[in-house]
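Here is a short briefing on one protein chain. Keep the structure open as you read, and find each residue when it is named.

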Amino acid sequence: MYDTAVESTYVWLGLAIVSVGILGFALRVPTAPPPDAKPVARTIDSVAASPHEATARQPVDARRIRIGAHRVGLRGSGGDAHASLAYGPVIPVAAGDGDRLRRVLRGVPPERVFRSESTFARVLDRAQTREPSWQPAPETLIVRRVSWRDANATLVGA
């Protein structure tokens, strides 16, 4: 009369497996939304579209950033977000570029940093053709439109 039915063991085992599956799914769901890449793209586009030299700063709320010639990506605890750039190509200034492009990005005229316009153009070409990769995101992204005679570029970095 008080014996356990064989079916109830299978029911409890099935219920335990389903519960573990639901718990695993609940723990895997991100707790925060992905970062918004559109404001970053709008800031880059507003500077890149300018016919004159211009500079802008944009706060970045993400852990990682990937800047390509025509696309920007942000990565945070909630996942990844990407946005296309309407005005490109842009030149990402990464940590491996050395100090020269970073100095131009931060406001030093290119003619004070580079020996010639052709050297400046070569450095821009090299930086533009590099494959984009995820980098640590800065608190504030700097975007600068710069020109030196025929060499025009929109630099993006920190």
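## Aromatic rings

Phe-114, Phe-120 and Trp-148 together make one aromatic cluster. The model is predicted. The points below start with this cluster, then turn to charges, the surface and the whole chain.

**Inside the cluster**

- A pair of aromatic rings is described by two things: the distance of the centres and the angle of the planes.
- The count of aromatic pairs comes to two.
- One of them joins Phe-114 and Phe-120, with 5.1 Å from centre to centre and 50° between the planes. This pair is tilted.
- Are Phe-114 and Phe-120 buried or exposed? Both are buried.
- Phe-120 also pairs with Trp-148. Their ring centres are 6.1 Å apart and their planes stand at 45°, so this pair is tilted.
- The pair of Phe-120 and Trp-148 links distant parts of the chain. Phe-120 belongs to helix α5 (residues 117–129), while Trp-148 belongs to strand β7 (residues 140–148). They are 28 residues apart.
- Phe-120 has a relative accessible area of 0%, so it is buried.
- Trp-148 has a relative accessible area of 11%. Buried means under 20%, so Trp-148 is buried as well.

**Salt bridges**

- Side chains of opposite charge can pair when their charged atoms come close.
- How many salt bridges does the structure hold? It holds three.
- One of them joins the side chains of Arg-144 and Glu-53, at 3.8 Å from N to O.
- Arg-144 is in strand β7, and Glu-53 is in the loop between α2 (38–48) and β1 (54–59). The pair therefore ties together parts that are 91 residues apart in sequence.
- Arg-144 counts as buried, at 7% relative accessibility. Glu-53 counts as partly exposed, at 44%.
- Another salt bridge joins Glu-117 and Arg-149, again through their side chains, at 3.8 Å from N to O.
- Glu-117 is in helix α5, and Arg-149 is in the loop between β7 and β8 (151–157). So this pair ties together parts that are 32 residues apart in sequence.
- Arg-149 has a relative accessible area of 64%. The cut-off for exposed is over 50%, so Arg-149 is exposed.

**Arg-75 and its partners**

- Arg-75 forms a salt bridge with Asp-80. Their closest N and O atoms are 2.9 Å apart.
- Which ring does the charged end of Arg-75 sit over? It sits over the ring of Trp-134, 4.1 Å from the ring's centre.
- Arg-75 counts as partly exposed, at 30% relative accessibility.
- Asp-80 counts as partly exposed too, at 37% relative accessibility.

**On the surface**

- Tyr-10, Leu-13 and Ile-17 make a nonpolar surface patch of about 360 Å².
- Ile-17 sits in helix α1, which covers residues 6–28.
- Ile-17 has a relative accessible area of 56% and is exposed.

**Around Pro-136**

- Pro-136 sits in strand β6, residues 135–136.
- Is Pro-136 buried or exposed? With a relative accessible area of 56%, Pro-136 is exposed.
- Leaving out residues up to four places away in sequence, Pro-136 touches Arg-63, Arg-64 and Ile-65.
- Take Ile-65: in sequence, Pro-136 and Ile-65 are 71 residues apart. In space, their C-alpha atoms are 6.2 Å apart.

**The whole chain**

- The protein chain has five helices and eight strands.
- Along the sequence, their pattern is α-α-β-β-β-β-β-α-α-α-β-β-β.
- The protein chain has 158 residues, and 37% of them are buried.
- Take the contacts in the chain with a separation of 6 or more: 64% of them are between residues 24 or more positions apart.
- The chain exposes about 10,000 Å². Carbon and sulfur atoms supply 54% of that area.

Key:
Residues numbered from 1 in each chain as written. Predicted model: local features only at pLDDT ≥ 70, side-chain atom pairs only at ≥ 80, totals over all residues. Heavy atoms only, no water. Patch = residues over 30% accessible without salt bridge, like charges linked within 9 Å, V, L, I, M, F, W, Y side chains within 5 Å. Areas by Shrake-Rupley, 256 points an atom, 1.4 Å probe, with all protein chains shown as cover. Salt bridge = Lys/Arg side-chain N within 4 Å of Asp/Glu carboxyl O. Helix = DSSP H or I, 4+ residues; strand = E, 2+ residues; numbered from the N terminus. Buried < 20%, exposed > 50% of the residue type's maximum accessible area, 1.4 Å probe, protein only. Contact = heavy atoms within 4.5 Å. Phe/Tyr/Trp six-rings, centres within 6.5 Å; stacked < 30°, edge-to-face > 60°. Lys NZ or Arg CZ within 6 Å of the ring centre and 35° of its normal.
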